[in-house]
Amino acid sequence: MVIKVFLASSSGSTAIKKKQQDVVAFLEALKVDYTPLDIACNEENRMWMRKNVPEDKKPSTGIPLPPQIFNEESYCGDYDTFFDAKEDNTVYAFLGLPPPPGSKQAHVEDEEEQEEEDLHSEDEEEAEVQEEEEEDLEETQEEEEAE
């Protein structure tokens with residue numbers, strides 16, 4: 001899986017430049033493989049990005065601004081959703097990647113899986129107890145009928 005980050009190498013907006021730098025620096029810090037794709041120098045990249053950002057995720061102007069993040073062909077989000085994922089410690093889920101072993105996110109997912117398994121085990125135990133109680137009740141009814 002390749003993470004694609006659509007960037008503008010020559011943007012007049014310092015806000016866009018800072019957002020791009022933030023995304024790239026964070027991905028590099030996490031050692032996430034990504035491919036930067038320039039939309040300023042490459043019309044094909046710009047058209048692909050604009051075409052593949054979902055309609056409901058486009059700004060009111062209709063033209064999505066960089067950075068835009070994709071996992072292969074799947075849209076992940078823009079800077080704001082990336083920032084939210086970063087704040088929530090869910091960047092790997094945001095990117096559609098499995099968290100590396102030992103990371104906080106992997107630890108949280110392991111705990112959630114364990115809780116789910118525990119709940120499932122409890123449900124199975126309750127079902128077994130209920131089944132045994134029903135069998136005992138049937139036996140008692142059969143014994144009473146036989147008397």
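Colleague: Does C76 count as buried or exposed?
Modeller: This is a predicted model, in which local features need pLDDT of at least 70 and side-chain atom pairs count only at pLDDT 80 or more, while totals for chains, interfaces and linings use all residues. Residues are numbered from 1 along each chain as its sequence is written, and side-chain values use heavy atoms, with hydrogens and water left out. Buried means under 20% relative accessible area, exposed over 50%, and partly exposed in between, with a 1.4 Å probe and protein chains only. C76 has a relative accessibility of 17%, so C76 counts as buried.

Colleague: Which class does C41 fall into?
Modeller: The relative accessibility of C41 is 65%. That value lies over the 50% limit, so C41 counts as exposed.

Colleague: How many disulfides does the rule give?
Modeller: A disulfide is a covalent bond between the sulfur atoms of two cysteines. The rule asks for a pair of cysteine sulfur atoms within 2.5 Å. By this rule, the count of disulfides is zero.

Colleague: What kind of aromatic pair do F70 and Y75 form?
Modeller: The structure holds seven aromatic pairs. Rings of Phe, Tyr and Trp (its six-membered ring) pair if their centres lie within 6.5 Å; planes under 30 degrees apart count as stacked, over 60 as edge-to-face and the rest as tilted. The ring centres of F70 and Y75 are 5.2 Å apart and their planes stand at 70 degrees, so this pair is edge-to-face.

Colleague: Which residues form a cluster linked by ring pairs?
Modeller: F70 and Y75, both buried, belong to this cluster. K4 lies over the face of W48, 4.8 Å from the ring centre; the rule requires NZ of Lys or CZ of Arg within 6 Å of the ring centre and within 35 degrees of the ring normal. The residues linked by ring pairs are F6, W48, F70 and Y75.

Colleague: Which helix holds both Y79 and F83?
Modeller: The rings of Y79 and F83 form a tilted pair, 6.0 Å centre to centre with 35 degrees between the planes. Y79 is buried at 14% relative accessible area, whereas F83, at 32%, counts as partly exposed. Helices (H or I, at least four residues) and strands (E, at least two) are DSSP runs, numbered from the N terminus. The two residues are four apart, about one turn, and both lie in helix α3.

Colleague: What pattern does the protein follow along the sequence?
Modeller: The protein has five helices and four strands. Read along the sequence, their pattern is β-α-β-α-β-β-α-α-α.
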